[in-house]
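Visitor: I am new to reading protein models, and I would like to learn how to follow a strand and its surroundings. Could you take me through an example slowly?

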Amino acid sequence: MAISFSLAGKTALVTGANTGIGQAIAVGLAQAGADVALAGRSHPAETLDLIAQAGQRAVNITADLASTAPVARVVDEAVAALGRIDILVNNAGIIRRDDLLQFSEADWDAVIDTNLKTLFFLSQAAARGMVAQGGGKIINIASLLTFQGGIRVPSYAAAKSGVGGVTKAMANELAPHGVQVNAIAPGYIATNNTAALQADPTRNRQILERIPAGRWGDPSDIAGAAVFLASPASNYVTGHVLAVDGGWLAR
Ligand code: NDP
């Protein structure tokens, strides 16, 4: 059978795509041929422009994904605008840093709710349509902290570890319906999220020394993996967490 990386005729819903990794993924999916709906709380003007420049339709859906409240509406609006959802990318995420002994319940709940609870219920809502249409792709953005504990980020480590678990759980139950569920674990990627680390000369040097590839990842590095996992070329890949980390976990 011919191998295809094309997303021509496909539709995607991407969360948190106004900047960083989410923006690169949304634009990458459009460059591969998909029409894209963006769901987030900030207006993604630049991403909408870049998708249009790629010659694809872009739709903006305003939603604060800190809770599950807007999940059904987001799916309904994406389907109303694009006809169906073939690809869902759960990218929106936050991090809270504090010492373990004083880590607050509010910081625990905010990170678990945004990074894990909404991810599951948005996937559930989108998967109902994917099952009905006989196929789909769900891609969850995990982290190196899906595999490691980190320091001063217990709720983020718990949420991202949970993303790995729920990816496998969803993959098991949805595989018979032709729906593949995978995750991408980005390494150190140069975005707003990591700006403080990049700006700290000591931490920046320590990070670069630890990465076998010797450089920060670019959001487009993650987009390449996302296009693969969204495309027919990955139809037999499911329940997998793909590290895109310049070799960090290999060390
Ligand atoms: P950014 O902070 O640049 O992007 C995060 C995105 O999530 C933004 O679009 C943000 O929107 C959105 N978001 C956050 N909270 C909400 C919310 N309540 N409702 C809707 N959207 C929300 O970070 P990155 O691009 O670096 O991160 C993207 C994903 O990649 C995250 O899941 C992160 O955990 C993960 N990741 C990043 C790594 C890195 O090195 N950069 C490493 C490993 C994982 P807004 O602008 O409105 O806040």
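Visitor: Which residue in strand 5 is the bridge partner of L88?

Guide: This is a predicted model, and in it L88 has I138 as its bridge partner in strand 5. Strand 4 and strand 5 (residues 136-141) pair in the parallel sense, with four bridges between them.

Visitor: What stands opposite L88 in strand 1?

Guide: L13 stands opposite L88 of strand 4, and strand 1 (residues 11-15), which runs parallel to strand 4, is joined to strand 4 by three bridges.

Visitor: Which way do the residues of strand 4 point, and are they buried or exposed?

Guide: In a regular strand the side chains alternate between the two faces of the sheet. Here, in strand 4 (residues 87-90), I87 and V89 point one way while L88 and N90 point the other way, and all are buried.

Visitor: How should I read a pair of helices, and at what angle do the axes of helix 1 and helix 2 cross?

Guide: Look at the distance between the axes and then at the angle. The axes of helix 1 (residues 20-31) and helix 2 (residues 45-53) come within 9 Å and cross at roughly 15°. Angles under 35 degrees count as roughly parallel, so helix 1 is roughly parallel to helix 2. Helix 1 passes helix 2 in a right-handed crossing.

Visitor: What is the mean pLDDT of the chain?

Guide: The mean pLDDT is 98, and 100% of the residues reach 70 or more, while the model scores ipTM 0.99 and pTM 0.99.

Methods: Residues are numbered from 1 along each chain as its sequence is written. This is a predicted model: local features need pLDDT of at least 70, side-chain atom pairs count only at pLDDT 80 or more; totals for chains, interfaces and linings use all residues. A residue is buried if 20 or more other C-beta atoms lie within 10 Å of its own, exposed if 12 or fewer, and partly exposed in between; C-beta atoms are placed from the backbone. Helices (H or I, at least four residues) and strands (E, at least two) are DSSP runs, numbered from the N terminus. Two strands pair if DSSP finds at least two bridges between them. pLDDT is the predictor's confidence in each residue, from 0 to 100. Axes are lines fitted to C-alpha atoms, for helices over the stretch in contact, and angles run from 0 to 180 degrees between N-to-C directions. Angles under 35 degrees count as roughly parallel, over 145 as roughly antiparallel, 65 to 115 as roughly perpendicular and the rest as oblique. A crossing is left-handed if the near helix is turned anticlockwise from the far one by less than a right angle, and right-handed if clockwise.
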